[in-house]
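Here is a briefing on one protein chain. Look over the sequence and the fold before reading on.

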Amino acid sequence: MNSTAVDTAGSAPSAFLCHEEPPAHNGTLLGFWIYLMSDCFIFASLFACYAVLGTNDAGGPSAAQILDLPGLAVNTALLLLSSVTFGFAMLEMARQHKRAMLAWLAVAGLLAVGFVGLELHEFHDMIAAGAGPDRSAFLSSFFTLVGTHGLHVSVGILWLIVLMVQLGKFGLTEANIRRLQCLSMFWHFLDLVWVGVFSFVYLAGVLR
């Protein structure tokens, strides 16, 4: 009887076994969300440093003396419009309109390039006026926070260019759609960070 039971168990079909791991359809998006959360901690640390050091000008120029709000308004408008046009690109992606999507992505990229260009011009003018990052703790924290955001935008522009080439060559494949969704989250995340920079660093610094 025991032998029969063993034979029966040995001859049982093994169809229930899983020979391959099923693909994780949401793994990339989940991993990218985790990355964005880690980036939040980086910017939170930089904001905290600026909150502590932002008034330590060591007898040098203060925020009210060197920050240009009218020029900043143009810069902010470029970045916010870039986010809006990226949203239009995502709508065209949902409609499977590749040409319109690429056109909106190009506009978003050009606006972001304009933002980085104006930011570099601001840094150049400040350093030329003797307000470089080595002048005071305030300027060190300012250049670190704003420069880190600008570096993120520059990386986003490079990512956008590479992705546009892939989209033009391979079309709206599942992988390219997933990559575009990740870039969209990154793009809008940088806009939210910039709103914090504008409010906490520029606006509060000038009105302080």
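Accessible areas come from the Shrake-Rupley method with a 1.4 Å probe. On that basis the protein exposes about 11600 Å². Carbon and sulfur atoms supply 70% of this area. The model is predicted. It is built from seven helices, with zero strands.

**Fold and packing**

- Along the sequence, the pattern reads α-α-α-α-α-α-α.
- The protein has 208 residues, and 37% of them are buried.
- Take the contacts in the protein with a separation of 6 or more: 80% of them join residues 24 or more positions apart.

**Transmembrane annotation**

- UniProt, in an unreviewed entry, lists "transmembrane region" for residues 32-53, 73-94, 101-118, 138-165 and 186-207.
- Such annotations may be inferred rather than shown by experiment.
- Residues 138-165 are 100% helix and 0% strand in the model.

**Nonpolar surface patch**

- Which residues make the nonpolar surface patch of about 400 Å²? They are Val84, Phe88, Leu91, Trp104 and Val107.
- Helix H4 (69-94) and helix H5 (98-128) are the elements that give two or more residues to this patch.
- H4 provides the largest share, three residues.
- Phe88, one of the patch residues, sits in helix H4.
- Is Phe88 buried or exposed, or in between? Its relative accessibility is 36%, so Phe88 counts as partly exposed.
- The cut-offs behind that label are under 20% for buried and over 50% for exposed, with partly exposed in between.
- Patch residues need over 30% relative accessible area, and Phe88 has 36%.

**Cysteines**

- How many disulfides does a search of the whole structure find? The count is zero.
- Cys40 has 32% relative accessibility and therefore counts as partly exposed.
- Cys49 has a relative accessible area of 41%, so Cys49 is partly exposed too.

How values were computed: Residues numbered from 1 in each chain as written. Predicted model: local features only at pLDDT ≥ 70, side-chain atom pairs only at ≥ 80, totals over all residues. Heavy atoms only, no water. Helix = DSSP H or I, 4+ residues; strand = E, 2+ residues; numbered from the N terminus. Buried < 20%, exposed > 50% of the residue type's maximum accessible area, 1.4 Å probe, protein only. Contact = heavy atoms within 4.5 Å. Patch = residues over 30% accessible without salt bridge, like charges linked within 9 Å, V, L, I, M, F, W, Y side chains within 5 Å. Salt bridge = Lys/Arg side-chain N within 4 Å of Asp/Glu carboxyl O. Disulfide = S-S within 2.5 Å.
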